[in-house]
Amino acid sequence: MTSVLHDPRFRAFASDNYAGIHPEILEAIGAANGGHQIAYGEDAYTERLQAVIREHFGERAEAFPVFNGTGANVTGLQSMLPRWGAVVAASTAHINTDENGAPERIGGIKILTVDSPDGKLTPELVDRQAWGWGDEHRAQPLVVSITQSTEVGTVYSPDEIRALADHAHAHGMRLHMDGSRLSNAAAALGVPLRAITTDAGVDVLSYGGTKNGLLLGELIVVLDPAASDGLVYLRKMNMQLASKMRFLSAQFIELLSNDLWQRSAAHANTMAARLRAGLEASIADGSAPGLAFTQSTDANAVFATVPAAAAARLHEAFRFYDWDISTGEVRWMCSWDTTEDDVDAFIDGIRAELASSV
């Protein structure tokens, strides 16, 4: 019998990756167990997944399950680019800041970055790097990559994505989306998944599951077959081909059925809104001195600045990330299993530490 090595009551606000497996996902994994299924994707669950993906993303969509988000981004982008191609992305993009050089070292991909205060690209910002075609001395900008929701918690509207897609396509470029929190963005906007992907002109998508209740696994979803080539080979080369793929696929079938993706993401967003509202009230009544917000709370992340001494003491009771130590900016993230009591206890803790720092 396996011993329980952690306190199941522990809650953190560092990342939605900290949360466990949603019970419905765990049940789906169990249901997919038993007997034999052909390995490496020739199983009934991966075949069914393709139909489910087309229901959500359109008739041309094809899904390639992989192990993690870095693998999805690197492999997907590789399939969109020749060896001389480059990707235009916000400087805050996960592919630039949090993938430890994997796009460059594993993918051989040059990333051309643009500063963006809210983490979002615009056609005008893209143009700062979208130039030099035909210049043999410059990596050729052939893909624009955006994150939805962004690394700083903001969300692109369908119109904003469409404007980027049209601009990229007019330049002969393609649009890639890192959708590790795509479900949160769609739930926040109240739109189906295809409204901010296929219908908005996205060509290739990394669709996240781990942050929304899965055990592990992400999908590369090719929305325009003309935008991607060689994924069946690249996935293997990049060590992202699962032998027992049925268990990855079964999770996504469950996530995308019965609106589980929407229910889980909407709950996380609601908890972040509760945290934001509670702290706004605390600022208004003077019980949270030194606290200020740095970004809009569009989905399930709250960004704020906190005095260093208060943040250090708060870290002793709650796990969260220091986003920018130089400015005192922190990130507080809510998950599918965050409760109202979790949020209220965190608000009380923040208020207590801020009050004691005055």
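Y40 is found in the loop between helix 1 and helix 2 (44–57). The model described here is predicted, and in this model phi of Y40 is near 60°, a positive value in a residue other than glycine. With a relative accessibility of 45%, Y40 counts as partly exposed.

**Backbone features in loops**

A second residue with positive phi is N258, where the angle is near 55° and the residue is again other than glycine. N258 lies in the loop that joins helix 10 (245–255) to helix 11 (260–284). Its relative accessibility is 62%, and N258 therefore counts as exposed. Another backbone feature concerns the peptide bond from Q148 to S149, which is cis, with omega near -10°. S149 has its place in the loop between strand 4 and helix 7.

**The sheet and a helix packed on it**

Seven strands form an open sheet with mixed pairing, and their order is 1-7-6-5-4-2-3. Strand 1 (62–66) and strand 3 (110–114) are the edge strands, each of which pairs on one side only. On average, and with direction ignored, neighbouring strands of this sheet are turned by 25° against each other. In general, strands of a sheet pair through backbone hydrogen bonds, in either a parallel or an antiparallel manner. Within this sheet, strand 5 (residues 174–179) and strand 6 (residues 204–208) pair in the parallel sense, over four bridges. D178 stands opposite S206, a residue of strand 6. Helix 7 (residues 158–170) packs on the sheet and touches both strand 4 (140–147) and strand 5. The direction of helix 7 makes about 145° with that of strand 5.

**Salt bridges**

Side chains of opposite charge can pair when their charged atoms come close. A search of the whole structure finds 15 salt bridges.

| Residue | Partner | Closest N and O atoms |
|---|---|---|
| R11 | D342 | 3.2 Å |
| E55 | R48 | 3.8 Å |
| E353 | R313 | 2.6 Å |

R11 forms its salt bridge with D342. R11 lies in the segment before helix 1 and D342 in helix 13 (residues 340–356), so the pair ties together parts that are 331 residues apart in sequence.

In the pair of E55 and R48, E55 has a relative accessibility of 55% and counts as exposed. R48, at 41%, counts as partly exposed.

Helix 13 also contributes E353, which forms a salt bridge with R313. Because E353 lies in helix 13 and R313 in helix 12 (residues 308–315), this pair ties together parts that are 40 residues apart in sequence. R313 is partly exposed, its relative accessible area being 29%.

**A nonpolar surface patch**

F10, Y18 and Y321 make a nonpolar surface patch of about 300 Å². Among these residues, Y18 is found in the segment before helix 1 (23–32). At 37% relative accessibility, Y18 counts as partly exposed. The segment before helix 1 thus holds both Y18 of the patch and R11, the salt-bridge partner of D342.

Note on methods
Residues numbered from 1 in each chain as written. Predicted model: local features only at pLDDT ≥ 70, side-chain atom pairs only at ≥ 80, totals over all residues. Heavy atoms only, no water. Patch = residues over 30% accessible without salt bridge, like charges linked within 9 Å, V, L, I, M, F, W, Y side chains within 5 Å. Areas by Shrake-Rupley, 256 points an atom, 1.4 Å probe, with all protein chains shown as cover. Salt bridge = Lys/Arg side-chain N within 4 Å of Asp/Glu carboxyl O. Helix = DSSP H or I, 4+ residues; strand = E, 2+ residues; numbered from the N terminus. Buried < 20%, exposed > 50% of the residue type's maximum accessible area, 1.4 Å probe, protein only. Pairing = 2+ DSSP bridges. Axes fitted to C-alpha atoms, helices over the stretch in contact; angles between N-to-C directions. Contact = heavy atoms within 4.5 Å.
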